Amino acid sequence: MKSIFPAILAATCAVVPSTMTAQHSNHAGHGHAATLPTEPGQDTFAALTEIVTMLRADPSTDWSKVDIAALHRHLVDMDDLMQLTDVEETAIDGGLRVSVPAEGAALRMVPAHAPVLEAETGWTSIAEQRDDRLVWRITGDAAQIRALGFYGLMATGDHHRPHHLGIARGMSVH
């Protein structure tokens, strides 16, 4: 069976100029711009699309080191961490104690993120494995830390984007 994707792509490119906008009128005669969606799909697909586009546009990309599969595994870990992790949070003096199973995405990501959070915020952030659980203690701005909770604390900081690009470039980035 022949794919219809090339025909759809050709038709789309013919209708939408390279600026990604086209002017057309609605029934009332007012013009407005039609644009393509900004996201090319689900989160992992969209992140990979963006990184691949960046790598292809960069003439200095060393394709012998590029590891898109590693970035894919990391993005899947991020998704699992945010959707599947069993989190126990307890307010402590000055902050929060978080306990999660010491397995899978949590085991790979929480210990790596704890010192990065500390460096970016100035808070104390220590993750330790205790038997079958990871215990993460974060102290500093207690109200903010407690409000953010596990998921907000894991998403804190602007290191994720360069981290993802580094993984894709085959660099050992933590």
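## A friendly tour of packed helices and paired strands

Let's begin with two helices: H4 (residues 104-121) packs against H5 (residues 142-154) at an angle of about 105 degrees, and their axes lie 10 Å apart. Angles of 65 to 115 degrees count as roughly perpendicular, so that is the word for how H4 and H5 lie to each other. Keep in mind as you look around that this is a predicted model.

**Where H4 meets H5**

- On the H4 side, the residues in contact are Met109, Val110, His113 and Leu117, and their partners in H5 are Phe150, Leu153 and Met154.
- Sorted by class, this contact between H4 and H5 has six nonpolar residues, one polar residue and no charged ones.

**Helix H6, an enclosed helix**

- Helix H6 covers residues 160-168, and seven of its nine residues are buried, so the rest of the structure largely encloses it.
- The buried residues of H6 are His160, His163, His164, Leu165, Gly166, Ile167 and Ala168.
- What covers these buried residues? The cover includes helix H2 (43-57), helix H3 (68-84), H4 and H5.
- After H6 comes glycine 170, which has a positive phi, near 80 degrees.

**How H2 packs on H6**

- In general, two packed helices are described by the angle between their axes and the distance between the axes.
- For H2 and H6, the angle is about 65 degrees and the axes are 10 Å apart.
- The crossing of H2 and H6 is right-handed.
- Ile51, Met54 and Leu55 are the H2 residues that meet H6, where they touch His164, Leu165 and Ala168.
- By class, this H2 contact with H6 has five nonpolar residues, one polar residue and no charged ones.

**A closer look at threonine 44**

- Is threonine 44 buried or exposed? The cut-off for buried is under 20% relative accessible area, so threonine 44, at 12% relative accessibility, counts as buried.
- Leaving aside residues up to four places away in sequence, threonine 44 touches His72 and Leu75.

**Strand E4 and its two partners**

- Strand E4 (residues 95-101) has six buried residues out of seven, so it is largely enclosed by the rest of the structure.
- One partner is strand E3 (residues 88-92), which runs antiparallel to E4 and is joined to it by five bridges.
- Across this pairing, alanine 91 stands opposite leucine 96 in E4.
- E3 and E4 form a hairpin with two residues between the strands, and glycine 94 there takes a positive phi near 85 degrees.
- How many bridges join E4 to strand E6 (residues 133-139)? There are seven, and these strands also run antiparallel.
- In that pairing, glycine 95 stands opposite threonine 139 in E6.

Key
Residues numbered from 1 in each chain as written. Predicted model: local features only at pLDDT ≥ 70, side-chain atom pairs only at ≥ 80, totals over all residues. Heavy atoms only, no water. Axes fitted to C-alpha atoms, helices over the stretch in contact; angles between N-to-C directions. Helix = DSSP H or I, 4+ residues; strand = E, 2+ residues; numbered from the N terminus. Parallel < 35°, antiparallel > 145°, perpendicular 65-115°, else oblique. Contact = heavy atoms within 4.5 Å. Nonpolar A, V, L, I, M, F, W, Y, C, P; charged D, E, K, R; others polar. Buried < 20%, exposed > 50% of the residue type's maximum accessible area, 1.4 Å probe, protein only. Pairing = 2+ DSSP bridges. Left-handed = near helix turned anticlockwise from the far one by under 90°.
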